[in-house]
Amino acid sequence: MEHRENLAVPLHLDFSLDQGPVPSERAWWGRIASHLTAFSRTRQRPAMGAVKTLAAAILLTGTALTAQPAWANKADDTLRMAYDQAPESVDPYYNNVRIGVIIAANVWDTLLYRDPLTNEYKGQLAKSWKQIDDKTMEFELRQGVKFHNGEEFDADSVVYTLNYVADPKNKATTQQNVRWIDKVEKIDKYKVRLTTKEPFPGAKEYLSTTVVIHPAKYYAEVGPKGMNAKPVGTGPYKVTEYVPGKSITLEANKDYFKDSPKAQPKIGKVVIRFIPDRQTQMAEVISGGEDFIMHVPKDQAEQLKSMPQLQVKSGNTMRIVFMQMNILDNTPAPQLKDERVRKAILHAIDREAIVKNIVGEGAEILNTICTPSQTGCTDEGAPVYKYDPELSKKLLAEAGYPNGFDIDIVAYRERNQTEAIINYLQAVGIRAKLNFLQYAAMRDMIRAGKASLTHQTWGSNLVNDVSASTPVYFAFGNDDITRDPKVRELLDKGDKTIDSKARNEAYKEALTMIAEHAYAAPLWSLPVYYVASKDVNFTPYPDELVRFWDMSWK
Amino acid sequence: MLAFMIRRLGLAVLVALTVSVLAFMLLHLSGDPAVALAGEGARQADIDMVRKAYGLDRPIVVQYADWLWQMLHGQFGTSVYFKTAAGPLILSKLQTTLMLGVSALAVALFISIPLGVIAALYKGGFADRLCLAVAVLGQALPNFFFALLLIMLFSISLRILPVSGSGTWQHFVMPAIALGYYVAPAFMRLIRAGMIEVLAADYIRTARAKGLPTGKVIFKHALRNAIVPVVALAAVQLGYLLGGSVVIETVFALDGLGYLAYQSITFKDYPVMQLIVLLLSVLYVLLTLAADIANAWLDPRIRVS
């Protein structure tokens with residue numbers, strides 16, 4: 001064994017030195033070489049020449065590789081970002097991943113714009129808009145806006161894009177973004193009228209986030225495939241190079257229209273590379289190969305804080321975490337049908353401690369099942385279930401389970417959080433067994449009614465309206481495993497009421513009802529950690545959207 | 001010889017078929033592909049639409065038979081994730097993976113030949129055991145972990161190599177080492193055993209007796225003979241390296257076949273995954289066949305029997 005030690009010790013020493021002085025290259029190879037020669041000295045044999053040649057070869061390889069690849073810096077005005085997942089298509093209507101949304105917001109514009117701080121709607125490609133009736137909106141369009149390929153933006157762009165993507169035949173990936181659109185008509189060159197299938201108060205939210213506008217002529221000619229190969233929008237950045245699955249290069253759009261609520265781009269070039277492995281991404285920012293990464297796990301982000309050249313920031317996201325409880329007739333866990341058991345579960349979990357120790361900064365504790373920034377989401381009037389294991393045990397005893405019970409919990413991400421929850425449940429006697437699955441497999445299981453407790457998360461597809469969250473789990477959709485008709489009635493009312501006061505009231509009542517009956521356990525929102533080079537000015541927003549136009553060099 | 005080759009080719013087809021059936025079943029067992037394709041926000045109506053659009057509503061046997069039929073007609077299908085033709089997509093990634101595989105093989109030989117020779121020369125001694133330790137370490141270290149160690153050394157401490165990507169030859173150095181080191185022990189053992197056997201042979205004694213320099217005896221007379229089985233193993237290992245590059249390509253963000261395989265599994269892109277599995281199993285069988293032929297060609301004793 002000592003022979004292995006011989007080799008392992010210098011390796012170990014050098015690898016752990018990233019916080020201390022970095023050994024020079026020569027010193028390192030020198031050490032390897034001295035080990036090799038020491039070992040070859042142990043036996044003087046004729047073949048020692050071969051050993052010496054080997055050592056020399058290794059040394060030579062070492063010095064031959066000193067050619068320095070270019071590292072990122074602000075000198076070449078290029079921000080390098082790494083992301084773990086490549087979008088299936090850059091056309092915003094044909095992907096459903098976060099990086100797709102980030103690229104969309106920087107390369108394209110939408111009719112409306114929602115200020116991320118005040119949540120107020122402003123005109124973007126539309127100068128103004130008005131609600132004609134419950135189902136009709138009219139938009140006055142901005143004049144003089146040009147697409148990256150020179151095509152002019154006008155009513156045709158809006159009419160063609162929206163009618164195209166709303167047609168189910170064209171298979172837009174995220175149907176809920178467009179399926180509410182009935183038709184869009186041109187009134188004149190700079191005026192369009194949009195009709196929704198039903199009264200749809202969430203329309204403004206979609207029109208300011210996911211529903212981007214394409215150039216009509218170009219899109220008609222090349223379709224989604226061509227749009228993916230050579231993307232064209234009106235946004236502050238234009239795509240200059242795109243290698244699917246590998247990288248995408250954005251350059252500042254110098255002709256970006258001055259009246260846009262998005263700022264003029266300050267950073268000249270942005271290169272996004274797709275690096276699937278988180279550890280590799282971290283190595284890239286540490287070595288200066290990349291300037292910006294996101295979704296860094298909490299513990300690793302905290303370690304990176306000690307690096308002098310990096311800044312670590314955390315922000316909230318729209319993604320909420322909660323536990324669903326299956327109380328349908330065929331539930332595998334009939335215990336959950338007892339409201340006292342459900343309340344016992346809520347009282348058993350110390351959400352504050354989990355948020356502080358595991359979830360991380362920027363997270364918010366929830367008391368209702370919706371994203372707090374969403375229009376219509378509120379926890380006013382909803383009961384707060386404090387951490388109280390004694391009360392939890394008492395409730396369980398009252399329900400007839402003084403010794404607790406066994407139950408399954410199904411989860412698909414943030415496993416450490418599920419494990420913490422399981423520990424808390426165990427402490428009051430609820431022996432939860434973890435069933436950790438892929439998302440699709442978990443969803444199959446829930447929809448088949450075979451899940452008991454679920455550790456769910458939901459990101460609302462960036463839509464800042466409660467119609468994109470609560471109804472998914474409580475309006476008798478496939479993911480609804482509680483099915484209270486009263487809750488559904490209230491949510492339906494909210495979804496279809498244009499008057500905002502009556503609408504919010506309906507949602508509030510539904511949310512309170514869910515909380516009072518403890519139909520689900522609201523937990524927390526997920527924070528996101530960003531690690532960036534200190535050279536970059538960067539502000540995280542609660543919607544997890546990276547706005548390159550908002551960033552600059554220090 | 002011809003009958004032997006035909007038999008092996010027939011076997012190749014059977015292996016490829018079996019692998020593709022298994023892959024098809026596994027993909028469907030790990031959750032409904034339609035749900036995965038429709039994405040997180042999809043409602044039942046969307047999922048049903050996706051299921052119909054991609055023909056996922058048909059019985060799985062029918063789906064498989066249909067896929068096979070298309071394959072036989074040169075229709076390699078369309079990637080359901082990237083929405084481009086699967087054939088060209090895979091071909092475009094093959095180059096990176098071949099480059100990685102070949103350079104990893106070179107690294108493996110570069111490590112294992114000297115180590116194998118040294119181990120044989122000092123059989124039972126300290127150097128032999130040290131070489132064994134190096135070999136054991138190579139197989140015992142999970143290659144993603146070894147890859148991270150390489151990154152820490154070359155990119156963070158020394159700053160001489162880029163962490164990830166596939167733009168220049170520098171990008172291939174660490175992946176090739178990480179992948180090559182993992183297969184090196186197999187070669188080393190083979191060379192060591194071969195060398196020990198050859199060094200004990202009469203003609204080596206003769207060569208030494210007539211006063212040839214030791215180096216010449218070792219490299220010209222002994223190694224040449226000991227290396228014959230290595231050629232065969234190299235062909236087989238190349239097949240393994242091409243398939244085994246999934247993890248390494250993912251760690252180093254190399255845009256090759258392995259990374260594409262990883263993505264296609266994640267996104268349930270079954271046309272792409274099926275095609276990769278098929279391609280790799282065919283390649284593997286062909287390489288094994290090539291190894292057998294090379295062996296027969298190099299070693300007359302095999303040819304005769």
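This is a predicted model: local features need pLDDT of at least 70, side-chain atom pairs count only at pLDDT 80 or more; totals for chains, interfaces and linings use all residues.
1. In chain A, strand 6 (residues 181-188) and strand 7 run antiparallel and are joined by six bridges, where strands pair if DSSP finds at least two bridges between them. Strands (E, at least two residues) and helices (H or I, at least four) are DSSP runs numbered from the N terminus.

2. Residues are numbered from 1 along each chain as its sequence is written, and chains are lettered from A and ligands numbered from 1 in the order in which they are written.

3. Strand 7 (residues 191-196) of chain A is also joined by five bridges to strand 5 (residues 136-141) of chain A, again in an antiparallel arrangement. Here T136(A) stands opposite T195(A).

4. In chain B, the axes of helix 8 (residues 170-199) and helix 10 (residues 214-226) come within 8 Å and cross at roughly 130°, the axes being lines fitted to C-alpha atoms over the stretch in contact, with angles from 0 to 180 degrees between N-to-C directions. Helix 8 of chain B is therefore oblique to helix 10 of chain B, since angles under 35 degrees count as roughly parallel, over 145 as roughly antiparallel, 65 to 115 as roughly perpendicular and the rest as oblique.

5. The contact (C-beta atoms, placed from the backbone, within 7 Å) involves residues including I191(B) and M195(B) of helix 8 of chain B and L223(B) and N225(B) of helix 10 of chain B.

Key. Two residues are in contact if their C-beta atoms, placed from the backbone, lie within 7 Å.
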